[in-house]
Amino acid sequence: MATTTVALSKPQRGGRWSPWLFALPALIVYVGFLVYPALSSLWFSLTDWDGLSATYNFVGLDNYLKMPSDPVVVTAVKNNLIWTVVTIAVPTVIGLLLAIALNGKVHGKPILRLIFYTPAVLPLVSIASIWGWLYNPQYGAINSFLRLIGLDGLATAWLGQDSTALWAVMVPAIWLRTGFPMLLYLAALQSIPNELYEAATVDGASKWQQFWNVTMPSLRPAHYIVLALSLIDSFKVFDMIYAMTYGGPGTSTQVMGTWMYFNVFQYYQAGYGTAIAVVITLVAIAVGIPYVRSQTKEAS
Amino acid sequence: MTLTAPIQVDVPLESAGPVKAPRTKRGLVMTLVLAVIALFWISPLALLVVTAVRPLADFIGNGPLSWPDQLTWSNFKDAWGIGNFATTYKNSAILALIKVPLGVLVSAMLGFALAKLRMKFRRTVMFTVFLGLTIPIYITIVPVFIMMRSAGATDSIFGLIGPYLAFGIPFEVLVLQSFFRQLPDEIIEAARVDGAGDWRVFFTMILPLSVPALVTVAILDAVATWNEFLFALILLNSDAHKTIPVGLLNFQGQFANNNTGLAAGILIAVVPILIAYTLLQRWIVGGLTAGSLKG
């Protein structure tokens, strides 16, 4: 038997099929419940299926061509862009500042770190509930606080009007997403050798110069990971908006994810809804590929 | 040293950093500034707790920012019943207990094949699996819904296991294979010389040596499973089968005017995660950083 000879001559290796026995359970589940459904969505996006009936027609790219003239898609794309920029930039900057502060001589670091990271582990729906409750126009703590400090004029129905709703939903998202960059930056800061700072001090560099010439360059890998993961994450936004505003008031907080959901499950336009999901997925994959490649390359 | 990487990353965080400031004055000022920010940061949760333990009349009479005149547990009792928490807790717990060990096991097996076995098309498999990190859940919901409906698995928490496993695998494999790769080949070679096959190496050497990484991944996976919303929203319709996130959404509507009851309900939903996180935070912290701070 060929396999036996191979095994005998190279005892340090398993059989040729052995790796696949280890890999298959995960791969079957992954392909069956992620890859295959994602690919079959490509097919559904080319049909006029309503999501219920047994029959549907192939309509080619009609669903995709319809999108630019759908005013809600235009709003959703705009909201997705605003959401992405803000929920990446703000948590990253706050996270970095917190990490730098926590990396200094500060008392009670473990408890501070715990507090800043806590929102990141809460269920998204409960974060949405907490903030919906805080935003309550009459009994919400936010308006009460504004009245308390004499800014009565600012108190408003934050989630109930077009001009403020999207920004109001972004606040909890920032609250939730600051912890992760903070932790990563903190770990990265710990690994910068002290000698670099000592050398810079000897050379007469100010704290500010040290930050720009020693700290920031050393944090480059951390910046990369934080930005890559945030970008991938931000594009997928769904839960927070669905649970807080349901895309409203009107369509003012719709994003591609929620608009997809409404088309499929409320308006019975599964083909069109799926096409919307395909577009956002392609963008998410495109921005994610450099990160995925870096993780694959590093392995070999 | 590499064997315990996921925890060890965490350890230096406790110690002093590289900034050389006189410990006394500047440290105190910084501590004070951070404490104020932290207080502000945690205030939504603090308010939630305070509101949950006061009577509704007290809350309405004195406003949300006042100190309660009276304390009560009745909000929790009301919320527990109306929110159907006995059921949703049970469903979420069963789901996590089945899904998490299963997910960690199959991910560890794939991670072992990728990290330590000579596998053909290894790079292709890795790339395909890691690509899953970028794919939004909602691209799969229409086909998954159809699949589950034709299998008669909608409105059952068991129907969620497949999709949950699939979306957990990319991250778990990413972390575990990078951990396994750090384990020295020599010990595996030594076991092989003694006649151990791949399975024995996996179960008697790789898994026991990787307990820190396995625990980290399991915790993160449990949090993700506990919090998942979209699949649960779409696949479960009857109250008897809902998980905590979907149950919480319904519950919100029923408490439109009962602010204290709502606060108690949210707290009930959040407490297990908060306790677990507080107890296990050093593992989570270490796992996150070890899993992603490479390359």
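In this predicted model, ring pairs join nine named aromatic residues into a cluster: Phe238(A), Tyr242(A), Tyr246(A), Tyr261(A), Phe262(A) and Phe265(A) from chain A, with Tyr138(B), Phe145(B) and Phe229(B) from chain B. Over all chains, the whole structure holds 39 aromatic pairs. One of them is formed by Tyr246(A) and Phe262(A). Its geometry is edge-to-face, with ring centres 4.9 Å apart and planes at 80 degrees. The two partners lie 16 residues apart and link distant parts of the chain. Tyr246(A) sits in the loop between helix H13 (239–244) and helix H14 (256–265) of chain A, while Phe262(A) belongs to helix H14 of chain A. Tyr246(A) has a relative accessible area of 39% and is therefore partly exposed. Phe262(A) has a relative accessible area of 3%, so Phe262(A) counts as buried.

The contact between the chains was examined next. Chain A contributes 112 residues and chain B 110 residues. Together the two chains bury about 10,300 Å², of which 74% falls on carbon and sulfur atoms. On the side of chain A, the most area is lost to chain B by Phe22(A), Lys105(A) and Trp133(A). These residues together account for 9% of what that side buries.

Polar contacts link 13 residue pairs between chain A and chain B, counted with both residues at pLDDT 80 or more. Salt bridges across this interface number zero. Helix H2 (residues 18–44) of chain A supplies the largest share of the side of chain A that touches chain B, namely 20 residues. By class, that side comprises 74 nonpolar, 27 polar and eleven charged residues.

How values were computed. Residues are numbered from 1 along each chain as its sequence is written. Chains are lettered from A and ligands numbered from 1 in the order in which they are written. This is a predicted model: local features need pLDDT of at least 70, side-chain atom pairs count only at pLDDT 80 or more; totals for chains, interfaces and linings use all residues. Side-chain values use heavy atoms; hydrogens and water are left out. Contact means heavy atoms within 4.5 Å. Buried area is the accessible area (1.4 Å probe) that two parts lose on being put together, summed over both. A salt bridge is a side-chain nitrogen of Lys or Arg within 4 Å of a carboxyl oxygen of Asp or Glu. A polar contact is a pair of N or O atoms within 3.5 Å; within protein, one must be able to donate a hydrogen and the other to accept it, and residues adjacent in sequence count only if both atoms are side-chain atoms. Helices (H or I, at least four residues) and strands (E, at least two) are DSSP runs, numbered from the N terminus. Ala, Val, Leu, Ile, Met, Phe, Trp, Tyr, Cys and Pro count as nonpolar, Asp, Glu, Lys and Arg as charged, and the others, Gly among them, as polar. Rings of Phe, Tyr and Trp (its six-membered ring) pair if their centres lie within 6.5 Å; planes under 30 degrees apart count as stacked, over 60 as edge-to-face and the rest as tilted. Buried means under 20% relative accessible area, exposed over 50%, partly exposed in between (1.4 Å probe, protein chains only).
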